[in-house]
Amino acid sequence: GLCLKDAAHPDGTNVHEMANATINALFEDSRSNLWLGTSHGAVRFEPESGRFSKMVLLHHDVRCFAEAKHGAMWLGTEGGGLFRYERGEADSVSPPPSLKLDIVHALHVTDDDALWIGTWGSGVVGYNLLSDKITCLDSLNHALAQTTVTAITQDHTGKRWIGTYGAGVFIYNEKANDLDRLDATLSDNR
């Protein structure tokens, strides 16, 4: 759940209904709003007003968020696929039939405004929002094709780091069109 400490109500009398919810994801957008992905939909908390706004979606279980440069919010769901939230409306995004995007567990918007989508059991898909170009990485490394992707981020060099459920970490270098599995062992770094 989510509990907010409210200085105006130190005795806890201003507890919101989110206290008993399952929180799957947290995301702060460029306007300092906090987005909560819950098992019952998405909630936006506006800290300046203290107001909560619930997003009604056909598929309620929201797992991840990303924000496009122009301010649209992307929401990934468990079983409902991908949604775009813009100007107060949430719209389901219908991918080409060849892409299996019904379970989305990771989202990342790159510097060039491409949306990278991590799926349950179908690897990762890149979608350039400006050119409508789709990039599938499974041809570069078949180990990623059947994998559940749980996290995606981009480092300062532009490489994308892809975290998986049980298959480790992959690093994608778009400039070289190269995808490698990170082969490292963890130590206590003494």
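1. First, a term you'll need: a nonpolar core is a set of buried Ala, Val, Leu, Ile, Met, Phe, Trp, Tyr and Cys residues joined through side-chain atoms within 4.5 Å. Keep in mind as you read that this is a predicted model.

2. Now find the largest nonpolar core, which has 14 residues. The members that touch the most other members are Ala66, Trp74, Leu82, Leu107, Leu115 and Ile117.

3. Let's zoom in on isoleucine 117. Which residues is isoleucine 117 in contact with, leaving aside its neighbours within four places in sequence? Here they are: Leu82, Leu101, Val104, Ala106, Leu107, Gly123, Val124, Val125 and Ile152.

4. Next, asparagine 128, which has its place in strand S11 (residues 124–128). Is asparagine 128 buried or exposed? Its relative accessibility is 17%, so asparagine 128 counts as buried, given that the cut-off for buried is under 20%. Leaving aside its neighbours within four places in sequence, asparagine 128 is in contact with Asp112, Ala114 and Lys133.

5. Over to the cysteines. Cysteine 64 counts as buried because its relative accessibility is 7%. Cysteine 136, at 34% relative accessibility, counts as partly exposed. How many disulfides are there? The count comes to zero, where the rule asks for a pair of cysteine sulfur atoms within 2.5 Å. If the word is new to you, a disulfide is a covalent bond between the sulfur atoms of two cysteines.

6. Finally, have a look at the open sheet of four strands, ordered S13-S14-S15-S16 with antiparallel pairing. Strand S13 (149–154) and strand S16 (178–181) are the edge strands, so each pairs on one side only. From one strand to the next, the twist averages 20°.

7. To see the pairing up close, take S13 and strand S14 (residues 160–164). These two pair in the antiparallel sense over five bridges. Which residue in S14 is the bridge partner of threonine 153? That would be tryptophan 161.

Note on methods: Residues are numbered from 1 along each chain as its sequence is written. This is a predicted model: local features need pLDDT of at least 70, side-chain atom pairs count only at pLDDT 80 or more; totals for chains, interfaces and linings use all residues. Side-chain values use heavy atoms; hydrogens and water are left out. Buried means under 20% relative accessible area, exposed over 50%, partly exposed in between (1.4 Å probe, protein chains only). Contact means heavy atoms within 4.5 Å. Two strands pair if DSSP finds at least two bridges between them. Axes are lines fitted to C-alpha atoms, for helices over the stretch in contact, and angles run from 0 to 180 degrees between N-to-C directions.
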